[in-house]
Amino acid sequence: MLDALEAVRPFLVAGIAGMLGTLVVQPADNVKSRIQLINESRGMHQTTKSTKLLDVASSILREEGWTSFYKGLDSSLFRQSLFSTFRLGIYKWISDTLKKRHEKTGLSPLELVYASACGGTVAALISNPFDLCMVRCQADNLLPVERRRNYRHVFDAIYRVQKEEGIKTLWRGSSPAVIRATVANLSTIATYDVIKDLISRRLENKDTTAVRMAAAALSTVIGTTMILPFDNIKTKLMMMKEGADKKMPYRGTFDCMVKSIQREGPSGLWVGWVPFYFRAGPFIMITMLVQDYLTDFIVSHIAKKREIN
């Protein structure tokens, strides 16, 4: 039993941490997605709506009510139950395995890339259907009334997507999602571990809550800047619908990125940086702290049980 708990620990802890983080940051995530899609429409000269954080947030509150900040929460939680479980779990499992095997405290840059890519790829591919449903639910009210999808809940969304658009559509946007997840691991989890170790060593190995929060705050700045372009492209691909000519606006990740830069300028890839930071900051702090403390608790529990036995 203890061996089984030790084996699933990285995945169990990661899933719980990710879902707790999502409950806190869902409103910021909704605002971020709206800003990205409004900026896309502005580039196509389809709207003159503002992309400013307070303007978008107040518009949602005024026109749709406060509950709209939590639209897509069920999809988000199902997504995190898979995404965080595998993204953080696989990264931690590989990281711990390599450290034990080579009897060291840190990983080389190549090992960090390897652990990040493995966790990010598996997590993004498994969770993409829920990610797509989440994005569509969040931004549905931006569409004209006659073009809205009006999904009732996450399972209704998945059923209708595969029925109306084909099962492959559930993995639309998976390419930038995989890149995003890999970059997220490298720029947040990996940098969090590195920064935390550096600060701890400076403070004579004092791994305190303050040290962990400082590491999370610094890794968030790096993560937000590196992740946002791929998050932007992912959102657009997942939301796109056929035009009057029966053609999709984008052929894939590269085409979407090129057209976005042409319409919105290079800086358009980073539109929504502030709400994304307010989304990523608390999320990273919550997930990293919960993950660290739950890990400490479970490892301590296992050690005590083994001593008794």
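I count a residue as buried under 20% relative accessible area, exposed over 50%, and partly exposed in between (1.4 Å probe, protein chains only). By that rule Cys256 is buried, at 0% relative accessibility.

The model is predicted, so local features need pLDDT of at least 70 and side-chain atom pairs count only at pLDDT 80 or more, while totals for chains, interfaces and linings use all residues. Residues are numbered from 1 along each chain as its sequence is written, and side-chain values use heavy atoms, with hydrogens and water left out.

Cysteines. I searched the whole structure for disulfides (pairs of cysteine sulfur atoms within 2.5 Å) and found zero. For Cys137, the nearest cysteine sulfur is that of Cys133, 6.4 Å away. Cys137 is buried, with a relative accessible area of 9%. For Cys256, the nearest cysteine sulfur is also that of Cys133, 19 Å away.

Cores. I took a nonpolar core as a set of buried Ala, Val, Leu, Ile, Met, Phe, Trp, Tyr and Cys residues joined through side-chain atoms within 4.5 Å. The largest has 23 residues, and Tyr91 and Met288 touch the most other members. Helices here are DSSP runs (H or I, at least four residues), numbered from the N terminus. H6 (174-202) is one of the elements giving two or more residues to this core, and H6 gives the most, six. Beyond its neighbours within four places in sequence, Met288 is in contact (heavy atoms within 4.5 Å) with Leu88, Ile189 and Tyr192. Apart from this core lies another, of 17 residues, including Cys133 and Cys137.
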